[in-house]
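Welcome to my notebook. I went through this structure topic by topic and jotted down what I looked up.

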Amino acid sequence: LKMRAAPLSGTGDLAAFGAAVGDARVVVLGEAAHGTREFAQWKQRLVEYLAAQKGFTALVAANDPEASGLADRLHMEFGTLKVDTAEVQASMVARFPQSKVVLWTDNAHARDPVLREKFGRKMYAVGFAFHRGEVRAVGVESGESRGLGVYTALASPEGSGDAVLSAAGIPQFFLDMARLPSSGPLSRWLWDLHLFHDLGGYWVLDDPDASLQPEEPGKCYDGLVYVEEIHVGG
């Protein structure tokens, strides 16, 4: 992992990301938690890079003023989603047949097989992972919503996927999983099932460990952005 991961600095040298995207026409950007400053900042930088360096001209997102404002600033076409499902996302992306399109979504949608079936290898999907930090989410208790709040996601347990990524000692990095040697130890690990923080917009008050979900990252995504510690804020 230390050999293959491309560190991400504050200035954001994204050459490794650009090489990984290659000639993909659709880039999907997920996130392991909503309302997270670091994820929002890196997604913004990735969109800026794709627009400036890779010829992407359209951005599709849920009805999000931040994403809409970003599209305006970059002079990109903007497609908004009123119903946020993979089927609707695929249909919206397909409305820009002559454009390179960025889909701004979450991990659950980024790994949805509907998108892969629709766009195949023309799509590059990026998942986002973190080890610990604060999240803004809708609290859920006994199946009932308790409203929006800020919660602390403790460091993932030893042996979990997040803990192994953290052990590389790189606070923020990008990993192109699609082009790893299939027989190597890193690929074998990434294609196995491990626990990762992945809560989307919900925090289960009566079971904080519910934010840890089993995933096979190498099968779910083409690339991975990892952030050691996240904070609330856009």
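**Aromatic rings.** I began with a cluster in which ring pairs join Phe 17, Tyr 49 and Phe 174. My pairing rule takes rings of Phe, Tyr and Trp (its six-membered ring) with centres within 6.5 Å, and calls planes under 30 degrees apart stacked, over 60 edge-to-face and the rest tilted. This rule gives a count of seven aromatic pairs. For Phe 17 and Tyr 49 I noted ring centres 6.1 Å apart and planes at 65°, so this pair is edge-to-face. Phe 17 belongs to helix α1 (residues 15-21) and Tyr 49 to helix α2 (residues 37-53), so the pair ties together parts 32 residues apart in sequence. Helices (H or I, at least four residues) and strands (E, at least two) are DSSP runs, numbered from the N terminus.

Are Phe 17 and Tyr 49 buried or exposed? Both are buried, where buried means under 20% relative accessible area, exposed over 50% and partly exposed in between (1.4 Å probe, protein chains only). I then turned to Trp 189 and Phe 196, whose ring centres are 6.5 Å apart with planes at 65°, so this pair is edge-to-face. Trp 189 and Phe 196 are both buried.

I also found a charge over a ring: Arg 45 lies over the face of Trp 42, 4.8 Å from the ring centre. The test asks for NZ of Lys or CZ of Arg within 6 Å of the ring centre and within 35 degrees of the ring normal.

**How I read the model.** This is a predicted model, in which local features need pLDDT of at least 70 and side-chain atom pairs count only at pLDDT 80 or more, while totals for chains, interfaces and linings use all residues. Residues are numbered from 1 along each chain as its sequence is written, and side-chain values use heavy atoms, with hydrogens and water left out.

**Helix α4.** Which residues of helix α4 (residues 86-94) are buried? I listed Ala 86, Gln 89, Ala 90, Met 92 and Val 93. Down the axis of α4 these buried residues fall within an arc of 165°, so they line one face of the helix; the arc is that of the directions from the helix axis to the C-beta atoms. Their cover includes β2 (26-29), β3 (58-62), β4 (77-81), β5 (101-104), α5 (107-110) and α6 (113-119).

Gln 89 is buried, at 0% relative accessible area. Neighbours within four places in sequence aside, Gln 89 is in contact with Leu 81, Asp 84, Leu 103, Thr 105, His 109 and Leu 115, contact meaning heavy atoms within 4.5 Å.

**Helix α3.** In helix α3 (residues 65-73) the buried residues are Ala 67, Leu 70 and Ala 71. Seen down the axis of α3, they fall within an arc of 100°, so they line one face of the helix. Pro 65 and Asp 72 are exposed on the other side of α3. The buried residues of α3 pack against α2, β3, β4 and β5.

I marked His 75, which sits in the loop between α3 and β4. Its phi is positive, about 60°, although His 75 is not a glycine. His 75 counts as exposed at 73% relative accessibility.

Ser 142 lies in the loop between β6 and β7 (144-153). The phi of Ser 142 is near 50°, a positive value in a residue other than glycine. With a relative accessible area of 61%, Ser 142 is exposed.

**Strand β12.** Gly 223 lies in strand β12 (residues 223-230) and is buried, with a relative accessible area of 0%. I noted 9.9 Å between the C-alpha atoms of Gly 223 and Val 28, which are 195 residues apart along the chain. Beyond neighbours within four places in sequence, the contacts of Gly 223 include Tyr 124, Phe 174 and Met 177.

**The pocket.** Which residues lie nearest the centre of the largest pocket? They are Glu 31, His 34, Ala 62, Asp 64 and Trp 104, among 19 lining residues. Of the lining, α2 supplies the largest share, three residues.

Conventions:
1 Å grid on protein atoms, 1.4 Å probe; cavity = no way out; pocket = protein on both sides within 12 Å on 5 of 7 lines; lining within 4 Å.
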